[in-house]
Amino acid sequence: MTGFAEYQPGAARQSADVLVRPAVDADLTTCAELIVTRTGGPVDKRRSRLEADLQNPDRYTAVAEINGDVVGYGAVIRHQISPADPPTTAPDGYYLIGLIVSTDWRRHGIGDLLTQDRMCWTAERADEIYTFVNLSNAPILDLTSRFGFTEVTRDFTFPNAPLEPGTCVLLRADLNR
Ligand SMILES: CC(C)(COP(=O)(O)OP(=O)(O)OC[C@H]1O[C@@H](n2cnc3c(N)ncnc32)[C@H](O)[C@@H]1OP(=O)(O)O)[C@@H](O)C(=O)NCCC(=O)NCCS
């Protein structure tokens, strides 16, 4: 199981009344539950990591809410290479990570809204943004290309992300400041 959405290019987008906003503590259990549907592992451990992210000024967590329920999550982290990192380590910068939309609410434009919001947050701090994506995940490859992301390399590593060599692509986009 990949945890990726089935690739359905050209499928009709449905409308929904979505509010995208910075996450608060009360959102984090739902965010953690969403994340572990893909990653597995205990919800409480994941929640603790999200709690720490909220306290970190170099990180941003966004949620999408419909009728008061959190249905999507995405984050930005600031990555800085440390001297112990290998030479293949991805460049310093802000990275979009962890986008996920609840299966019931996919194809309602929520992934787009969470991406736009996170790029706006980053544009106040930098003039470029990165992300990395599994090459088998066609939906997110399409989504990111619509936001101007282009390939940097497939030969890279990222701290604490066990990426199988050759399976992921590092992407970069300019930000309008
Ligand atoms: C990828 C994901 C976040 C997209 O969320 P979403 O809210 O359904 O996406 P949107 O409705 O905003 O779609 C935005 C664009 O992305 C692309 N896209 C999204 N889902 C797609 C799919 N299943 N097939 C093909 N293209 C897709 C399309 O270009 C779409 O634009 P369109 O509606 O004009 O065709 C969602 O499918 C998901 O949670 N997947 C599992 C987790 C994951 O893979 N996350 C990304 C890596 S961390």
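Ala, Val, Leu, Ile, Met, Phe, Trp, Tyr, Cys and Pro are counted here as nonpolar, Asp, Glu, Lys and Arg as charged, and the others, Gly among them, as polar. On this basis, the shell around the ligand in the predicted model consists of 11 nonpolar, 7 polar and 8 charged residues. The shell comprises 26 residues, of which Ala5, Arg106, Gly111, Pro139 and Leu143 come nearest to the ligand. At least two shell residues are supplied by each of strand S4 (93-101), helix H3 (110-123) and helix H4 (138-146). Helix H4 provides the largest share, with 5 residues.

A UniProt record (unreviewed entry) assigns residues 18-176 to the feature "domain: N-acetyltransferase". Over residues 18-176, the chain is 30% helix and 31% strand. The end C-alpha atoms of this stretch are 24 Å apart.

The packing of helix H1 (residues 28-39) and helix H2 (residues 43-54) was examined separately. The axes of H1 and H2 come within 8 Å and cross at roughly 120 degrees. H1 is therefore oblique to H2, since angles of 65 to 115 degrees count as roughly perpendicular and those over 145 as roughly antiparallel. The crossing of H1 past H2 is right-handed. On the H1 side, the contact is formed by Leu28, Thr29, Cys31, Ala32, Glu33, Ile35 and Val36. These residues meet Val43, Arg46, Arg47, Leu50 and Glu51 in H2. The residues of the contact divide into 7 nonpolar, 1 polar and 4 charged.

Key: Residues are numbered from 1 along each chain as its sequence is written. This is a predicted model: local features need pLDDT of at least 70, side-chain atom pairs count only at pLDDT 80 or more; totals for chains, interfaces and linings use all residues. A residue is near a molecule or strand if its C-beta atom, placed from the backbone, lies within 6 Å of it. Helices (H or I, at least four residues) and strands (E, at least two) are DSSP runs, numbered from the N terminus. Axes are lines fitted to C-alpha atoms, for helices over the stretch in contact, and angles run from 0 to 180 degrees between N-to-C directions. Angles under 35 degrees count as roughly parallel, over 145 as roughly antiparallel, 65 to 115 as roughly perpendicular and the rest as oblique. A crossing is left-handed if the near helix is turned anticlockwise from the far one by less than a right angle, and right-handed if clockwise. Two residues are in contact if their C-beta atoms, placed from the backbone, lie within 7 Å. UniProt positions are given in the numbering used here, feature names are shortened, and annotations may be inferred rather than shown by experiment.
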